[in-house]
Each structure stands twice: as C-alpha cells, then as structure tokens.
Amino acid sequence: MKINGYETRTYAVPTKRYCQMLELKDDPKLIETYVKRHSEQESWPEIRAGIRSVGILEMEIYLLGNRLFMIVETPLDFDWEEAFTRLATLPRQQEWEDYMSVFQDVQPNATSSEKWKQMQRIFRLYE
C-alpha cells in the first residue's frame, strides 16, 4: 500500500474522469490471484493496447477488501458507449473478460461495460 499517494499524469488535452466499482468474490486466495493477473508482468499487452486504442488515456484500479474502484481518464470528447462497444470487439477482449470473471461477482459472459458500475460523484472541492 502506498501511503504517500499516487502520482497522476498531465495530458496535452483537457480530460474527464469516470469512476466505477465492481465487487470480487469474497475469497482472499481468489483476490490475490486477481491482483497478480493485473500486474505489469501478467496483464496481457493486447488488452492494455486495446484500452488505449479506444481513446482511454489512463486506467487505474484500486482494491479495498473485495471491492474494486476504477478511475478512467479520457479526453473531453470521449464517448463511453462508443468506445466500450468497440473495445468489446477487439482481439482477446472477451477472452480476458472470461479469464477475469471467475473472480468477479458478476453475471457470466458480461462485457466490461456491463460488469463495472458507474459511480456518481457527490462531492468535490467546489470553486
């Protein structure tokens, strides 16, 4: 765990952020394997390339217990539905979704956009 925070990137274009959550099956061994499969060494390069190819600038997943929190940063003109419809058709994407679904508390054969639930922002440091 990083107690000093995580650096964020600066982009040449204005960005927006999507925040989502998903629950894993409450099994410490499964969660350990899920984390390992998302490591730089074990995550699939084709999946990372596909995510970038649909216009996503950054994607981060955080874990607390069996709950995942994902932050997705995109350009302002990013269209979520269009991008995730396209992402679902990319090589190995459904294979990756199936590979990960054994850990997730989701319906079988769900796409990424069906698994991850958009969160509503309820507070910010208002100007």
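So, how many cavities of 30 Å³ or more does a search of the whole structure find? It finds one. By cavity I mean a set of points, on a 1 Å grid over the protein atoms alone, where a 1.4 Å probe fits but cannot get out. The volume of this largest cavity is about 50 Å³, counted as the space filled by probe spheres set on the points, with grid points joined across faces, edges and corners.

A quick word on the source: this is a predicted model, where local features need pLDDT of at least 70, side-chain atom pairs count only at pLDDT 80 or more, and totals for chains, interfaces and linings use all residues. Residues are numbered from 1 along each chain as its sequence is written, and side-chain values use heavy atoms, leaving out hydrogens and water.

Now look at the lining, meaning residues with an atom within 4 Å of a point. Among them are Phe84, Gln93, Glu97 and Ser112. Helices α3 (80-87), α4 (93-101) and α5 (112-115) each supply at least two lining residues, and α4 gives the largest share, three. Helices here are DSSP runs of H or I, at least four residues, and strands are runs of E, at least two, numbered from the N terminus.

On to the sheet! Four strands form an open sheet in the order β2-β3-β1-β4, paired antiparallel; pairing takes at least two DSSP bridges. β2 (58-64) and β4 (117-118) are at the edges with a single partner strand each, so one side of each has no neighbour in the sheet. Further in, nine bridges join β1 (residues 15-23) to β3 (residues 67-75), and tyrosine 18 sits opposite valine 72 in β3.

Methods:
1 Å grid on protein atoms, 1.4 Å probe; cavity = no way out; pocket = protein on both sides within 12 Å on 5 of 7 lines; lining within 4 Å.
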